[in-house]
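Welcome! Let's walk through a protein model together with a few questions and answers.

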Amino acid sequence: MLRIAIQTKGRLNEDSLSLLSDAGIKIDENKRKFLSIASNFPIEVLYLRDDDIPQTVAGGVADIGIVGLNEVRERGFDVNVLQKLGFGKCRLSLALPKDDNYTGLDFLEGKCIATSYPKILRDYMDSKHINCSIAQIAGSVEIAPAAGLADAIFDIVSSGGTLVSNGLAEVEKVFFSEAVLIGNPDMDEEKKAIVDELIFRFESVIDSRGKKYILMNIPTEAIGEAVKILPAMRSPTIMPLAQEGWCSLHSVVREDVIWDKIKALKAIGAEGILVLSLEKMIM
Ligand code: PRT
Ligand code: ZN
């Protein structure tokens with residue numbers, strides 16, 4: 001039996017549970033408390049604050065965990081990063097009051113920077129040979145400059161809206177983060193085999209996200225052009241239609257470019273275009 005630690009509530013909770021569910025793992029969420037066992041896979045789920053997940057995995061209380069890479073790096077515990085999970089994307093950035101005339105990192109020499117991530121900040125500033133003092137603040141870091149607690153902040157940025165509404169400007173993007181699967185470095189072979197199966201399932205779910213299955217009828221003479229528009233895993237699947245001079249073409253397309261592709265395909269004579277959702281993709 002493998003134990004996975006995930007966030008109890010907060011930004012990563014829902015996506016972590018969806019990933020497990022899309023990977024075919026049934027967890028009874030109604031009975032969800034501190035610990036719950038999957039009914040169809042040898043795994044139990046331990047719910048924790050994200051801050052505690054790296055240590056819990058490093059100490060072996062949980063074998064694996066889902067947490068932001070920012071927490072992994074900041075806490076500095078001995079865990080292996082096994083897989084990037086594609087959600088919870090954000091960055092750790094330096095930001096200043098928007099009217100400050102930022103000229104480069106030297107501007108921060110001797111200044112005070114407020115953050116909840118002192119280790120990542122210190123490592124970065126040391127690597128750039130900038131001396132600064134760090135004020136460690138647990139929450140609402142973005143109000144520190146206006147409150148006179150610091151000259152600048154180093155905090156998580158996603159859309160950037162929080163910075164703007166606090167009159168701050170992002171001046172350096174320092175560390176890019178997303179949710180990752182971490183593992184205890186000393187798992188036995190039995191647990192490693194379960195982790196391998198889990199990683200395989202997660203990968204097929206992650207690969208299929210943001211992608212669509214597209215099929216259409218296309219004049220045979222336009223196939224060369226169509227293949228250029230639709231590069232696929234190997235190449236698109238092409239099957240002749242009963243009507244001479246026409247083929248059916250199937251492929252997988254990224255959702256964010258699908259309308260551009262459809263426009264280009266229509267321009268070369270594609271008809272009867274169907275776009276279907278994709279559940280899993282095994283490469
Ligand atoms: O209770 P617990 O300790 O478990 O949760 P928490 O409150 O410490 O963390 P939580 O749930 O806020 O975030 C968990 C993880 O989500 C973080 O460690 C990051 O890896 C990731 N993540 C992704 C984010 C954001 N995006 C994010 N935008 N974490 C925090 N934010 C904050 C940011 O600090 C800013 O103040 O959200 C605010 C809005 O951001 P903008 O730029 O979109 O305005
Ligand atoms: Zn936290």
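Q: Which protein residues are the donors of the zinc ion (ligand 2)?
A: Donors are N, O and S atoms within 2.8 Å of the metal (3.2 Å for Na, K and Ca), and water is not among the atoms, so sites may look incomplete. Here the protein donor atoms are of the OD kind and lie 2.0 to 2.1 Å from the zinc ion (ligand 2). They belong to Asp-50 and Asp-51.

Before we go on, a word on the source: this is a predicted model, where local features need pLDDT of at least 70, side-chain atom pairs count only at pLDDT 80 or more, and totals for chains, interfaces and linings use all residues. Residues are numbered from 1 along each chain as its sequence is written, chains are lettered from A and ligands numbered from 1 in the order in which they are written, and side-chain values use heavy atoms, with hydrogens and water left out.

Q: What is the geometry of the site of the zinc ion (ligand 2), with its 4 donor atoms?
A: Four donors count as tetrahedral if all angles lie between 85 and 135 degrees; four count as square planar and six as octahedral if opposite donors are over 155 degrees apart and all others between 65 and 115; anything else is irregular. At this zinc ion, the angles among the donor atoms run from 73 to 177°. The site is therefore classed as irregular.

Q: Is Asp-50 buried or exposed?
A: Buried means under 20% relative accessible area, exposed over 50%, and partly exposed in between (1.4 Å probe, protein chains only). Asp-51, at 23%, is partly exposed. Asp-50 has a relative accessible area of 19%, so Asp-50 is buried.

Q: Which residues of helix 6 make the contact with helix 1?
A: Contact means heavy atoms within 4.5 Å. Helix 1 brings Leu-19, Leu-20 and Asp-22. From helix 6 come Phe-202, Val-205 and Ile-206.

Q: Where is Ile-27?
A: At 15% relative accessibility, Ile-27 is buried. Leaving aside neighbours within four places in sequence, Ile-27 is in contact with Leu-20, Ser-36, Ala-38, Val-45 and Tyr-47. Its place is in the loop between helix 1 and strand 2 (35–37).

Q: What is the phi of His-129?
A: His-129 sits in the loop between helix 4 (118–127) and strand 8 (133–136). Its relative accessibility is 68%, so His-129 counts as exposed. Although His-129 is not a glycine, its phi is positive, at about 60°.

Q: In which strand is Ala-5 found?
A: With 0% relative accessibility, Ala-5 is buried. Beyond four places in sequence, its contacts include Leu-46, Leu-48 and Ile-53. Ala-5 belongs to strand 1 (residues 2–7).

Note on methods:
Helices (H or I, at least four residues) and strands (E, at least two) are DSSP runs, numbered from the N terminus.
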